[in-house]
Structures are given as structure tokens and as C-alpha cells.
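Dear colleague,

Please read the notes alongside the structure itself.

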Amino acid sequence: SALPSGLGQALDGLDSDAGLTERLGRALAQELPLNARDGNFIAAGYSAELDELRGLRDESRRHIANLQTRYVEEAGVTALKIRHNNILGYYIEVPAAHTDRLRAYLSADGRALFIHRQTMAGAARFSTVELADLEARLAKAGDSALALELTLFEDLVGEVLARGDLVDRAARALGVIDTVAALAELAVEARYVRPTVDDSVDFAISGGRHAVVEAALDDGPSAFIANDCDLGAAQRLWLVTGPNMAGKSTFLRQNALIAILAQVGAYVPASAARLGVVDRLFSRVGAADDLARGRSTFMVEMVETAAILNRASARSLVILDEIGRGTATFDGLSIAWATVEHLHEVNRCRALFATHYHELTALGGRLDALTCRSMRVKEWQGDVVFLHEVAPGAADRSYGIHVAKLAGLPGAVIARAEEVLATLETGEQSGALARLADDLPLFAAMRAPPPAAGTPAPSPVLEALRALEPDGMSPREALEALYQLRAVLRDTSPD
């Protein structure tokens, strides 16, 4: 089938200069360094001079050995050796008995080949013009090879720049092809669907998922709980309540990400999606401060909320998470309440508003386009199971103390928090707060209530057992504890 127009244009942009492509392929090595100053980026065989310098740099021992072998054959002295030290550099050494033979040896042009340099007790040292030249070339071969590579590189750069428009078109075309191919592969592997994007103000997602969270799950993408989201005209503002850790923020963000992917032209993580074009996406999620500019966390939250309320249009998509939580309860509730009303009546945008202020659900009976949703949970044997499902209705609890327990708060703090919550939930807040302030168990030891009439006294043996710390006892201490328990049991047993 015919390619989409975008891919067809990208392929047309891949037209290249055959001469430039051939030269770059011939000149550049397969593995290139990050920095040209590191060298070794020009391929072998591109420059004979560079290959020779590299040979000198990398195979100096072999060159010296070959020269020594040739001198042994020419002079007829098998004991001839080429050696090196830091004073003379490279030199030729022969036993003293062969000194005269090397002195008398002449080169092809009639000149003395071996130049005497030093006489030792049992040996003589010579040099040659060829050996001195080789030594100099070996010494500077590395620097010369790098300098030549950089010269060749500048020449290549000049040729590429001369064809800059061609290279730029090819790079852009490759970018398009790479992006489209990556998105297509992701769509197949992660079960994404093609969204419908139109000029309406609808926003209907079936089985939506969070692309990043889904990919990060240890149990695989199938472990993610998908949820629907329909922000049509009759319910364009969702008020989402539910416990901490139940998935409210994930639900908000996944729908924002789906909107971005859809308008980019990508497939989306959902079973079906139809979206009216979004002119702007506004997000107020998380907690951050800007203390360098004198802005507290709550001030940053209010600045961002103000930007949303002043700029969002009927075509915008807005996600807000926990507006008003950074100040006093009634202040925060009032701000959140007024924000919901403004979004509904003035901005008239599609919005997801997550909150722990359950009082806001009362707006569902007054604002016709507002609908209440909650994150489902299940209580089982004193524990809370988060189902990560969005369902119609409103939550009546936030289970914050349960989350605090999961986080590892001390048991005494959890117990006291539950006591305070039970007192506050009676509805007489002013009197309850006064009673709570009279008793501060975190600063004064709490006394156990007296036993009720008819309640048996606690067993001394059980009390002694509770006082034991087995993990911190030595074998001897454990044995002594057993004797003490036996004594207590004997003393408390009836005659």
C-alpha cells in the first residue's frame, strides 16, 4: 500500500550526494570517538601517509627488529644488536672483535655505513643515518598521525558544510522516520490504538492506561488497571475523590498524556479514544516551592492555579490535584470550592479535579456538568485493598491513617491518630478539640484506664512474658528468665 504522505516526504528527503556518501564511508572508521582530539577516526586505507605514521606509532618494535635483521645480513655479524637507552637513544652494538669489520663496511655510495659512537670494554657502539632517521620518525609518529587526522577531518568538514542543505534534509527525514517507526513499534508491543481526533469538545477514553507506569510495572503491562474517562458536554468536569495511594494522580496524568500522544499523531494506550482538539493542556499536580523568589509551596500552587483560571478556554484540558491543601482546612476548602465553580461556570473546560475535600461533592447537585467519581477500595480484616478503579460516586473516607501505617509511623502515633480521628468525627469539633488539647499523650505518659468491675486482674505470668526481649538475651539470661517465670507461676498458683 502507498506510504502516508509524511513518510513519503521523509523518504524523498533522503536523496544524497553519492560522491559525498562514498567519501565519508571510505574516510571514517566504523567506531568513532566522541572527541576528534582522541584520534583514530580516519579509516585505514584512506591515506597512505597516515597508515605509515600509524604503523610507526603502533609497530616500532617490529621496525627496529626488521632493521636489525637487515644489518646482520649486510655486515655478516650475527651478534649485532640494536639497543636503546635514555642517553644515546637507539644504537647498534657489536662485540669488540667485530669493531674493525663495521668500521670498514661501506654503503653503496662508498660512504661508511656504520658511524662509531662509543667504545666499551667488551663492545663497540655505532649508529647509522637510517637508524637516526627512524628514531626521529618513531618519536614524532603519534603526534604526526593525530595532526594529519585532524587535517583530513577539516577537509571532510569543509565538504560536508558545502552540502549542508542536503545533509540537513537527510537528518530531518531520518528523524521523522525514526520517530514514526519507534511509535509504531510501541503501539504494536504495548497494545495501543489509533485515536479519533476531531473538532468537537468531546473527550472519551475507554480502557485508558498510563504509558510510563504501565511500562514500569514488575508484573508486566497487563497488571495495570485500565479506566474509562468521558468528559463530554454533559459531564465535562469530574470531581475525583478517594484514598491516598488509590491512583487519583495516576488517573489524572494518564488522560493528559493520552491527549498529548493523540495530538502528536501517535497511537494511545487505551482500547478506544475519541478526542476533540485541545488548545492547551493545564496541569496543577504535586508540591514544589520557589523559595529563592520568596514563594512557598502554597504560593506556587496558587500562582499556577491562577494561571489556569485566567487562561483556560472551553477547548482546554485541565487536571488539578489537591487544590487548597497547603493552608488551613476551611481556607483550603473555600478556595477549592470556588475553583470548581469557576471552572464550571466561567472556563467551561474539560477538567479532572482530584480532592480530599469530600464536602465538594455537594456541588454535584448544583452544577449540572459536574459528576462525582471515586477510587474504589475494599476493606478486608482491618486492612485496605486499593483496587485502582474509578467508579461513579463519592468517597466517604481518605484512609490517611492507613497510609501512614504503611509508611512506618510508630504504633503509638497511629493509635493516637485513630483516637483523635474518632473524636473529631463525632461532629462536635470545638468541644472535641478542647478535650484533646487537655490530654497530650505524646508529651505525658498515658495512664491505662482502671479495670472495669468484674474484669479479672491481668496475669503476672503474662505480664512477665510480655516484658521479655528474646532477641536481646544471652543463653544464660534466657535460662534465668525461665526460673523467674517458674517462681512467679508457683507464687500465683492457688493452694
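Lining the second largest pocket are 21 residues, and those nearest its centre are Ala246, Gly247, Lys248, Thr250 and His388; a pocket here is an open set of points on a 1 Å grid over the protein atoms alone, where a 1.4 Å probe fits, with protein on both sides within 12 Å along at least five of seven lines, and lining residues have an atom within 4 Å of a point. This is a predicted model, in which local features need pLDDT of at least 70 and side-chain atom pairs count only at pLDDT 80 or more, while totals for chains, interfaces and linings use all residues. Residues are numbered from 1 along each chain as its sequence is written, and side-chain values use heavy atoms, with hydrogens and water left out.

The largest pocket holds about 1,100 Å³ of space, a volume being the space filled by probe spheres set on grid points that are joined across faces, edges and corners. Its lining has 27 residues, of which His358, Ser398, Gly400, Leu421 and Glu425 are the closest to the centre.

As for the strands, S5 (residues 196–198) runs parallel to S9 (residues 272–276) and is joined to it by three bridges, where pairing requires that DSSP find at least two. Within this pair, aspartate 198 stands opposite glycine 276.

With kind regards

Definitions and conventions. Helices (H or I, at least four residues) and strands (E, at least two) are DSSP runs, numbered from the N terminus.
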